[in-house]
Amino acid sequence: MKKLYGVIGDPIAHSMSPVMINDLFDLYGIDATYMPFHVSSDGLEAAVNGLKALGVVGFNVTVPHKTEIMPFLDEIDPMAKAIGAVNTVVNKDGRMIGYNTDGRGYVRGLKEEISSLTGQTVLMIGAGGAARGIYFSMAEAGVERIDICNRTPSKATELMRTCPFPVKTEVFDIKKAEELLPQYDLLIQTTLIGMAPKIEGTPLSLKGLKPDSFVSDIIYNPLETKFLREASSAGARTQNGIEMFVYQGALAFEIWTGIFPDTERMRENVLKQLG
Ligand code: ATR
């Protein structure tokens, strides 16, 4: 019988996951289909129970349900519990188990560009939900030092305090981070500043940027944010948010099927969907 997978969110119509994951089922000859499900917040618990009752094998969870879904699952992987958000669920013999592949996906994508993450001096911009997963996963990967700057520094301090892996961190406001910019090898932009439709914003000035640094932005709409454009003009190598999206999907696919899929094909698929 055909296996059923999906993604729940609100809104969900523009999710690129169904086309990306169904293409992988075709590629690996797996008799399965992946569907988008529009689920509102007040229908979330019923949706989880419904997916379980229907025998759905696995599903992704997107905005705004990543945290709210947690009480409705039977088990949560330790990393997802630490982050406080789930983006991937697997139905294991009727037990719904939640994982978070966003941060680890980000790190896998970054490793494609930077072979050794240890020894890098890292500045992360932002301290929201996406930043949490990335910071914890970078710490898990053995990065020794990750500084954080945020409009509200107290949120960054709180994030740092709850990290389950050892990592050295200093927290700065934006102005201080701009002054210290020449010391960083790697900048990770995790806020939504610069995302369409408000494409004109940048989270901090790159005036002091080290020319041989690497600058990464988790936004993929637009493909090149103003922040990345400025980084590129200053001589830095850059990476947009496509990698994180592709690798979080690849890690979810691996959890469901045991196969780590062809990420180059996934990237091409996503770029085609973005037009
Ligand atoms: P996500 O889950 O996508 O990371 P979030 O949890 O709302 O979203 O976090 C948004 C991040 O963007 C935070 O770091 C936030 O800064 P604050 O902690 O000070 O709120 C940052 N952010 C959002 N809008 C901002 C703005 N206009 N200027 C500066 N920072 C902003």
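The model is a predicted one, in which local features need pLDDT of at least 70 and side-chain atom pairs count only at pLDDT 80 or more, while totals for chains, interfaces and linings use all residues. Residues are numbered from 1 along each chain as its sequence is written, and side-chain values use heavy atoms, with hydrogens and water left out.

**Around the ligand**

At threonine 152, a polar side-chain atom lies 2.5 Å from a ligand oxygen. At lysine 155, an N or O atom of the side chain is 3.1 Å from an oxygen atom of the ligand. Glycine 129 takes part through its backbone, with a polar atom 3.1 Å from a ligand oxygen. On its own the ligand has 640 Å² of accessible area, and the protein covers 62% of it (Shrake-Rupley method with a 1.4 Å probe; for residues, only the protein chains shown count as cover).

**The parallel sheet**

Next, select strands S7 to S12. Helices (H or I, at least four residues) and strands (E, at least two) are DSSP runs, numbered from the N terminus. These strands form an open sheet of six in the order S9-S8-S7-S10-S11-S12, with parallel pairing (two strands pair if DSSP finds at least two bridges between them). Its edge strands, S9 (171-172) and S12 (237-239), each pair on one side only. S10 and S11 run parallel and are joined by four bridges; leucine 187 stands opposite valine 215 in S11.

Then go to the loop between S10 (186-189) and S11 (214-217), where proline 197 is found. A cis peptide bond joins alanine 196 to this proline, with omega about 5°.

**The mixed sheet**

Now select S1 to S6. This open sheet of six strands has mixed pairing and the order S2-S1-S3-S5-S6-S4. The edge strands here are S2 (32-38) and S4 (75-76). Four bridges join S1 (residues 3-9) to S3 (residues 58-61), and the two run parallel. Valine 7 stands opposite asparagine 60 in S3.

Two helices can be shown with this sheet. Helix H1 (residues 17-27) packs on it, touching S1 and S2, and makes about 170° with the direction of S2. Helix H9 (residues 242-257) lies across S1, S2, S3, S5 (88-92) and S6 (95-99), at about 5° to S5.

**Last stops**

Proline 11 sits in the loop between S1 and H1, and a cis peptide bond with omega about 5° joins aspartate 10 to proline 11. Aspartate 93, in the loop between S5 and S6, has a positive phi near 50°. Most residues other than glycine have a negative phi, and most peptide bonds are trans.

Notes
Contact means heavy atoms within 4.5 Å. Axes are lines fitted to C-alpha atoms, for helices over the stretch in contact, and angles run from 0 to 180 degrees between N-to-C directions. A polar contact is a pair of N or O atoms within 3.5 Å; within protein, one must be able to donate a hydrogen and the other to accept it, and residues adjacent in sequence count only if both atoms are side-chain atoms.
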